[in-house]
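Q: I would like to go through this structure feature by feature. Please give the reading rule for each feature, then the case here.

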Amino acid sequence: MGRIAGFAAVLLVTGCTATPANGDGSSPGSSAPTEGAAAGLTVETVASGLAHPWGIDWLPDGRMLVTQRPGTVSVVENGQVKDLDVDTGAVARGEGGLLGIAVHPGASRFTTCQNTASDIRLTTWELGDGDAVGKVGDLLTGLPANPSGRHSGCRLAIDADGKLRVGTGDAARADTSQDRDGLGGKTLVVDLGTGEHRVETYGHRNVQGIAVRSDGLVVSAEHGPSVDDELNVLKPGANYGWDPSRGGTQGGYDESVPMTDLDRFPDAVPAIWSSGSPTEAISDAAFLQGEQWGGLDGALAVTALKGSKLFLFEITPEGGVHSVSAPPELDGTKGRLRAAKQGLDGALYVTTSNGDGDEVLRVTAAG
C-alpha cells in the first residue's frame with residue numbers, strides 16, 4: 001500500500017450546526033493525527049440535475065447507477081442521466097428514502113436499501129433489455145425505521161468475498177444498538193443470493209459509510225451526536241460502545257452519552273479517528289487504490305455533509321490513522337458531499353447533496 005506523500009496541512013475538524021432534514025446527523029469532534037503533504041486533485045462534473053444522489057455503483061458494461069433519495073434510480077452514461085422505470089417503494093422523509101446501492105459482481109442485478117412505510121429493507125432488482133427493471137425479491141426486511149427517517153444507515157458495499165456489507169442506523173431508538181438480536185445500530189454481512197445474514201458488529205449509532213481495503217480491512221464512517229463522528233475498523237463480534245439507554249436505565253434517547261462508552265463497555269473498540277467538536281457529518285468512505293493515485297495510493301477518502309469537504313486519511317497497514325487533510329479543491333467548493341466510490345476507471349466518484357441540481361463528480365490526482 002502506497003504511503004500518502006503529499007497532503008495539505010493537518011486539519012482539526014470544524015463545522016456548523018447540523019441540518020437533520022438533510023441527513024446531517026449532528027455531531028462535533030477533536031482529533032489531531034500527524035501532518036501530511038500537499039497533493040492536488042482534479043475535479044470534473046460528469047452528471048448534474050440530480051436530487052440528493054445517495055449511492056453509486058457500476059454495471060459490468062461500465063454505466064453508472066445512481067440512487068436519488070426521493071426514490072429514483074438513474075443510469076448515467078456519457079454525461080446523460082436516464083431515470084429507470086422502477087417503483088422502489090421508497091418513502092422519503094428527513095434522512096430516509098432510497099439510499100444505498102450495490103451492483104452484484106459481474107451481473108446486471110443490483111440491491112438497494114430504502115425506507116418503506118413499515119421498515120428499512122434490502123431489495124434486489126434485475127436490469128434487462130431496454131433497461132427494463134424487474135424485482136427479483138426482498139433480500140432482507142425488518143431493519144428498524146424511524147417515522148421521521150432519522151438514523152436510517154443503509155450504506156452498502158461488496159467485500160472481497162462477494163458478500164454484502166450493510167451499515168445500519170439505530171432509528172433513534174435507545175435500546176437498539178446494544179440489542180444483539182436486532183438489526184439496528186449494526187454492521188451486517190449478507191449473502192447476495194440467499195439473504196442469509198449475520199451481525200458483524202454492534203453498538204453503532206448511524207453508520208454512513210463502509211470501505212473495504214484490498215487486504216480485507218473494513219472501515220466504517222459514522223455520525224456522532226453533538227460530538228465525535230467516528231471512523232472505526234470493524235472487527236467481527238465487536239461492540240463499538242453506543243448506548244443511549246444507559247444500560248436500560250434511561251426511558252428516552254439520551255444523546256449525552258459517549259459515542260464509545262468505555263466506562264460502561266470496557267471491551268468496546270475505540271475509534272481510529274474521532275472528529276471531536278464540532279462534527280462534520282461524515283458520510284461515505286472509499287479507499288483510493290492503484291498507481292494512478294501516486295502518493296495518494298492507499299488513502300481513505302471520506303465525504304462530509306455538514307463540513308462540505310472531502311477528507312483524505314493516511315491509514316497504516318495495521319488500521320490506524322497516520323494523517324488527515326482536506327484538499328482545497330473539495331473544501332467548501334461543491335457544498336455538501338455524500339457518496340464516495342472508486343470507479344471502474346480507478347477515479348474517485350463523489351456526489352453532492354445540496355438538493356435539486358446535485359452533481360456526480362469525478363476526482364483524480366492532478367498530473
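Q: How many helices and how many strands are there in the chain?

A: Helices (H or I, at least four residues) and strands (E, at least two) are DSSP runs, numbered from the N terminus. The chain has 24 strands and 0 helices. This is a predicted model, in which local features need pLDDT of at least 70 and side-chain atom pairs count only at pLDDT 80 or more, while totals for chains, interfaces and linings use all residues. Residues are numbered from 1 along each chain as its sequence is written, and side-chain values use heavy atoms, with hydrogens and water left out.

Q: What percentage of the residues is buried?

A: Buried means under 20% relative accessible area, exposed over 50%, and partly exposed in between (1.4 Å probe, protein chains only). Of the 367 residues in the chain, 59% are buried.

Q: Among contacts between residues at least 6 apart in sequence, what percentage joins residues at least 24 apart?

A: A contact means heavy atoms within 4.5 Å. In this chain the value is 60%.

Q: How many aromatic pairs does a search of the whole structure find?

A: Rings of Phe, Tyr and Trp (its six-membered ring) pair if their centres lie within 6.5 Å; planes under 30 degrees apart count as stacked, over 60 as edge-to-face and the rest as tilted. The search finds 5 such pairs. In one of them, Trp58 and Tyr349, the ring centres are 5.1 Å apart and the planes are at 65°, so this pair is edge-to-face. The pair links distant parts of the chain, 291 residues apart: Trp58 is in strand E2 (residues 53-58) and Tyr349 in strand E23 (residues 348-352).

Q: Is Trp58 buried or exposed, and is Tyr349 buried or exposed?

A: Trp58 has 9% relative accessibility, so it counts as buried. Tyr349 is buried too, at 8%.

Q: Why is the pair of Trp273 and Phe311 classed as tilted?

A: The planes of the two rings are at 50°, with centres 6.0 Å apart, so the pair falls in the tilted class. Trp273 is in strand E17 (residues 273-274) and Phe311 in strand E20 (residues 309-315), so the pair ties together parts 38 residues apart in sequence. Both residues are buried, and together with Phe313 they form one aromatic cluster.

Q: Where is Arg213 placed?

A: Arg213 sits in the loop between strand E14 (207-212) and strand E15 (218-222). Arg213 is buried, with a relative accessible area of 4%. A polar atom of its side chain lies 2.9 Å from the backbone oxygen of Pro317.

Note on methods
Polar contact = N/O pair within 3.5 Å; in protein donor to acceptor, adjacent residues only side chain to side chain.
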